[in-house]
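I worked from the sequence and the model shown here.

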Amino acid sequence: GGALSAYVAAGEYAASLKATPLCVRAATVEGAKRGSTQATRMLLARGYLAGKEYDACKEALAEALAEDKRLSQAMNLKAHCLFMELGWPLHRCDLPLPASAEAMALYVKASEARVPYNDATSRLRLAKLYLANAKWYEAKSVLLEACRLEPSATTWLGLAEACLHGGEVDQAEEALAEGNILDPKNAEIWGVLTVVCMLLDKVKDAEASLKQALKLGLSIKETFPVNRFILQQMGDQFKSRGMYELALQAYRRGILPKNPVPSMCDALASCLVRVNDLHEAVATYALIADSGTATLQEKEEALTSAIELSKKLKTVADVDKYGKMLQALRTAPP
């Protein structure tokens, strides 16, 4: 009990600045003077986490939880540590899903402890894990609480995604309207709104939303990755209505020149075939064959399509080139 010592106070300030060495030094000096306490263990953990020293962070937290297994702050910090260590901040929907069960369980346990610990960051991170794992109902519950306690464009966007994918399209539209008031320049909100408007048959509104989303720079970097990129969902909605030019705008925006996403390329190529732009379709399938992230099956399918289209175009050199690439792919050692 009692007031914080000067070293702990200084260490907490250092941790808030992500000054890991200072934070660890303060905790070490305090530990040498007074012996290891929960305050010094938590301080060490925060310092190590700020410095991305995940093993050292988990070690300090293990000591804190060994002394008090109900210490909600330690559970919460361990969840943050796992969230960071497993690569969740950089996760995209086309990448393999990192592990999440332990982090989810710890966030929930910390928020339901006798002395609960839960803050805005924890709620948003837990929501991100739920949405990525298609746990729409759980995500909605966390995000409703977040919208009540600390509403922001981000909390409303998350709630809209939980409602949209959980089949509550009207509620998704309401959440997006709230988010739009707080940040009218949020490209992701305009992107999800495009999808929602198409589902609600508000085609003119969807076209306006698409224009706005693209103007504000919507990309494949998303706050809450789900099973498909927002741009791909937008394109799919327009494509299903035969509105190919608008679908192409959405798909094209999702293609990164340096490392194109196979699913986006495939969607773009199949839409180009619909509008009979076979030359660009072949070039787009070729991007999949050269992609560093495409699976063997995706590459095979893309090359097969490129060969078929090249035959239609009577571009003999391309038929030969992609045929050789397909052969090499099939005979390559596993």
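Entry 1. I looked up how helix α16 (residues 278–290) lies against helix α17 (residues 296–313) in this predicted model. Their axes come within 8 Å and cross at roughly 155 degrees. Because angles over 145 degrees count as roughly antiparallel, I recorded α16 as roughly antiparallel to α17. I also noted that the crossing of α16 with α17 is left-handed.

Entry 2. I then listed the residues that form this contact. On the α16 side I found Leu278, His279, Ala281, Val282, Tyr285, Ile288 and Ala289. They meet Glu298, Lys299, Ala302, Leu303, Ser305, Ala306, Leu309, Ser310, Lys312 and Leu313 of α17. Sorted by class, the contact of α16 with α17 comprises 11 nonpolar, 3 polar and 3 charged residues.

Entry 3. I next examined helix α11 (residues 187–199) and helix α13 (residues 230–240). I noted an angle of about 25 degrees between them, with the axes 9 Å apart. Since angles under 35 degrees count as roughly parallel, α11 is roughly parallel to α13. The handedness of the α11 and α13 crossing is left-handed.

Entry 4. For the contact of these two helices, I recorded Glu188, Gly191, Val192, Thr194, Val195, Met198 and Leu199 from α11. Their partners in α13 are Ile230, Gln233, Met234, Gln237 and Phe238.

Entry 5. I turned to the second largest pocket, for which I noted a volume of about 400 Å³. Which residues lie nearest the centre of this pocket? I found Pro89, Leu90, Lys128, Glu222 and Thr223 there, out of 16 lining residues. Helix α7 (residues 120–132) gives the most to the lining, with 5 residues. By class, the lining divides into 7 nonpolar, 4 polar and 5 charged residues.

How values were computed: Residues are numbered from 1 along each chain as its sequence is written. This is a predicted model: local features need pLDDT of at least 70, side-chain atom pairs count only at pLDDT 80 or more; totals for chains, interfaces and linings use all residues. Side-chain values use heavy atoms; hydrogens and water are left out. Axes are lines fitted to C-alpha atoms, for helices over the stretch in contact, and angles run from 0 to 180 degrees between N-to-C directions. Helices (H or I, at least four residues) and strands (E, at least two) are DSSP runs, numbered from the N terminus. Angles under 35 degrees count as roughly parallel, over 145 as roughly antiparallel, 65 to 115 as roughly perpendicular and the rest as oblique. A crossing is left-handed if the near helix is turned anticlockwise from the far one by less than a right angle, and right-handed if clockwise. Contact means heavy atoms within 4.5 Å. On a 1 Å grid over the protein atoms alone, a cavity is a set of points where a 1.4 Å probe fits but cannot get out, and a pocket is an open set with protein on both sides within 12 Å along at least five of seven lines; lining residues have an atom within 4 Å of a point. Grid points are joined across faces, edges and corners, and a volume is the space filled by probe spheres set on the points. Ala, Val, Leu, Ile, Met, Phe, Trp, Tyr, Cys and Pro count as nonpolar, Asp, Glu, Lys and Arg as charged, and the others, Gly among them, as polar.
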